[in-house]
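The sequence and structure are shown below.

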Amino acid sequence: MIENYLEFLQGSESPSLATLTKTNVALGKLLTRVESQDKDENQLKEELDGIKDKIKKAQVGAADKTLEDVCGDLSDIPKIPLRTKKILKGHLSKVTAVHYCGDNRHLVSGSLDGKLIIWDTWSGNKVRIIPLQSSWVMTASYSPSGNFVACGGMDNMCTVYDVNSRDTSGAAKIRREMMGFEGFLSCCRFLDDDKLVTGSADMKIMLWDLETGVKDFECAGHAGDVMSMSLHPDKTSFVTGSVDRSIKLWDIRDGECKQTFWGHDSDVNSVCFHSSGFYFGTGSDDKTSRLFDIRADQQIGLYKTPANKSGFTSCGMSTSGRVILCGSDDSAVHSWDTLKAKHNGCLTGHENRVTSLSMPDNGMALVTGSWDSSVRVWN
C-alpha cells in the first residue's frame, strides 16, 4: 500500500525527489481503483485526497525558487509577430482536430461534417478529402512519414487510412479498424507507420500494432476520461491529460506509469511536450495553462489571461520553449512568456471556439481549427 511510500509524512525530514515521484505514482494508481469502487470507499478516497494535498505541500517545500524569481531580471520578449497566412476553407461544420505531418508542410483536419481533409499549408490547397464512416470525429493524427492518417470519435473506433492508396470506389483505402473501446476515442498519435497509441473515454490507453491489428499493451491509469496525449520527442514515452485533473507520464516500452502530476482544478484538455523532452505544457478548463518539469516532478509555471474568463482547449510550445500558446473558448489563441509568466497577447481571427492547435516540428508556423468551420495557418 501507499504507506510504504509515506514514511516521510510522519517525520520532519524533507522528502527526496525520488520518494515524491514514487508516492505520486502509487497515489495515482490507488485513486484510479477508488474511483471505480462503490460508496464504501468514499472514506478511503477522502484520506487519499488528504495525502495528495500533503504531497503538493511537500513539493512546494522542496522547490527552493520559482521560475519567476530566477528569471525576473530577464528582458521581456517582444509581442509574437504571428499573422494569418492562410485561411483554409472546405469543411462544412465544426473543425475538431488538426495535426501536422512530419514534413512540416502537410496537415490533416477533421470535422463534424464527416470528412478528413489533407492540406498543403504552403499553397493552401486541398490534397485529399477522405469521407468518414462516422461524422462524430474528435481526434485526427498524421503519421510522421505522411503515409497514413488516423481518426476516431463517438463511434468508439479508431480508423487508419492509407493516404497513398484508393479502394474500388476511389476513396482512401482503410488500412486498419481498431475496435474494443468502451468510450469515445479522444486522442491518438503515431509512433511510426506500424505503431499507434490511443486514449479514450473508457479511461484506457492502448498501444496498437497496425500490422496485426492487436494491442501491444492496454493500461487503465486514469480515474476519468483520457482527453489528450503528447509524445516525447524520442518516442519512448508520452504524457496524457484527463478529466481526473491529472497528467501522467507513460513508458512506451512497458506501458507503465512513471510519474503523476497534479495541479489543475478541472479537466486537462491538452498536453504538449517541448522539443527538449524535459518539460511539457497543459491547457485546462480551469482557465489556466501550466508548465510541468519531469526532472522536478512538479509544476513550475502557471499562466492566466488578464480577463481569466475562458478555459483552454489546446496548447503548443515554441521550439525555444520561451512561448506557450493555448487555444481558447473565447475564439482567440493566447500566448505567454514561459519564464516570466507574463501574458504576451493573443491571436484573433476565428469567429468561434478554437478547438485544436498544432505546430510543425520546425516551429515555423502554427495551425488552428475552430467551430467556425475554418482552419488558419499562422506564421
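**Overall make-up**

Of the 379 residues in the chain, 56% are buried. The model is predicted. Its secondary structure consists of four helices and 28 strands.

- The accessible surface of the chain is about 16600 Å², and carbon and sulfur atoms hold 48% of that area.
- Among contacts in the chain with a separation of 6 or more, 46% join residues 24 or more positions apart.

**Nonpolar cores**

- The largest nonpolar core contains 15 residues, and Val108, Leu116, Ile118, Ile130, Leu132, Val149 and Tyr161 have the most contacts inside it.
- At least two residues of this core come from each of strand E4 (115-120), strand E6 (137-142), strand E7 (148-153) and strand E8 (158-166).
- With three residues, E6 gives the most to this core.
- Beyond its neighbours within four places in sequence, Val149 is in contact with residues including Val108, Leu116, Ile118, Ile130, Tyr161 and Phe190.
- A second, separate core has 14 residues, among them Cys187, Cys219, Val226 and Cys257.

**Second largest pocket**

- The second largest pocket holds about 520 Å³ of space.
- It is lined by 24 residues, of which Ala63, Gln298, Gln299, Ile300 and Gly301 are the closest to its centre.
- Helix H3 (42-62), helix H4 (67-71), strand E20 (289-293) and strand E21 (298-303) each supply at least two residues of the lining.
- E21 provides the largest share of the lining, five residues.
- The lining comprises ten nonpolar, seven polar and seven charged residues.

Terms used: Residues numbered from 1 in each chain as written. Predicted model: local features only at pLDDT ≥ 70, side-chain atom pairs only at ≥ 80, totals over all residues. Heavy atoms only, no water. Core = buried A, V, L, I, M, F, W, Y, C linked by side-chain atoms within 4.5 Å. Buried < 20%, exposed > 50% of the residue type's maximum accessible area, 1.4 Å probe, protein only. Contact = heavy atoms within 4.5 Å. Areas by Shrake-Rupley, 256 points an atom, 1.4 Å probe, with all protein chains shown as cover. 1 Å grid on protein atoms, 1.4 Å probe; cavity = no way out; pocket = protein on both sides within 12 Å on 5 of 7 lines; lining within 4 Å. Points joined across faces, edges and corners; volume = space filled by probe spheres on them. Nonpolar A, V, L, I, M, F, W, Y, C, P; charged D, E, K, R; others polar.
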